[in-house]
Amino acid sequence: MQQQGYQPLNVFQLLLRMRERELQTSCTSALLLTLCLLSLWGRLTLATSHRTHSVHVKAGTCEVIAAHRCCNKNKIEERSQTVKCSCFPGQVAGTTRAAPSCVDASIVAQRWWCQMKPCLDGEECKVLPDLTGWSCSTGNKVKTTKVTR
């Protein structure tokens, strides 16, 4: 018994419609997968190019790779930085004239900080009493540096 306005589909037409839906679903999935892979490739390329910039440091020099700055409750400014150095044998990362540099390893090993000449011209260098760093002072201004490893 057939209803009015309704025409039955033959098996071939049903299979054809099913195949069209499968094809649309497959194409949509392939497109989404392609977009995800392109996005991932772009991010990896960007990360790799950024990383290679900071990894290669000329021999005998240092490069700041990260710097942080903040103030505490007492309005004392605190700064920290991460440095990558490529020092010659017998040298280690240090500070000369308030900038990262390669210095003689014995200075750091024996904590003779002021022998690195870490302060700017006109500033007086003093090793901290606990030997964990140094201070540079001029007039009533004091800059304290603590070494962390």
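Predicted model: local features only at pLDDT ≥ 70, side-chain atom pairs only at ≥ 80, totals over all residues.
Local features were taken at pLDDT of at least 70 and side-chain atom pairs at pLDDT 80 or more, while totals for chains, interfaces and linings use all residues. Residues are numbered from 1 along each chain as its sequence is written, and side-chain values use heavy atoms, without hydrogens and water.

A pocket is an open set of points on a 1 Å grid over the protein atoms alone, where a 1.4 Å probe fits, with protein on both sides within 12 Å along at least five of seven lines. Lining residues have an atom within 4 Å of a point. Of the 36 lining residues, Arg79, Ser80, Gln81, Thr145 and Lys146 are the closest to the pocket centre.

Elements that give two or more residues to this lining are strands S1 (61-71), S2 (77-86), S3 (91-96), S4 (99-104), S6 (133-138) and S7 (141-146). S2 gives the largest share, eight residues. Strands (E, at least two residues) and helices (H or I, at least four) are DSSP runs, numbered from the N terminus. By class, the lining has 18 nonpolar, nine polar and nine charged residues. Asp, Glu, Lys and Arg count as charged.

Arg111 lies in the loop between helix H2 (105-109) and strand S5 (124-127). Lys117 is also placed between H2 and S5. Arg111 has a positive phi of about 60° although it is not a glycine. For Lys117, likewise not a glycine, phi is positive at about 60°. Arg111 is partly exposed because its relative accessibility is 35%, and Lys117 is exposed at 54%. Exposed means over 50% relative accessible area, buried under 20%, and partly exposed in between, with a 1.4 Å probe and protein chains only.
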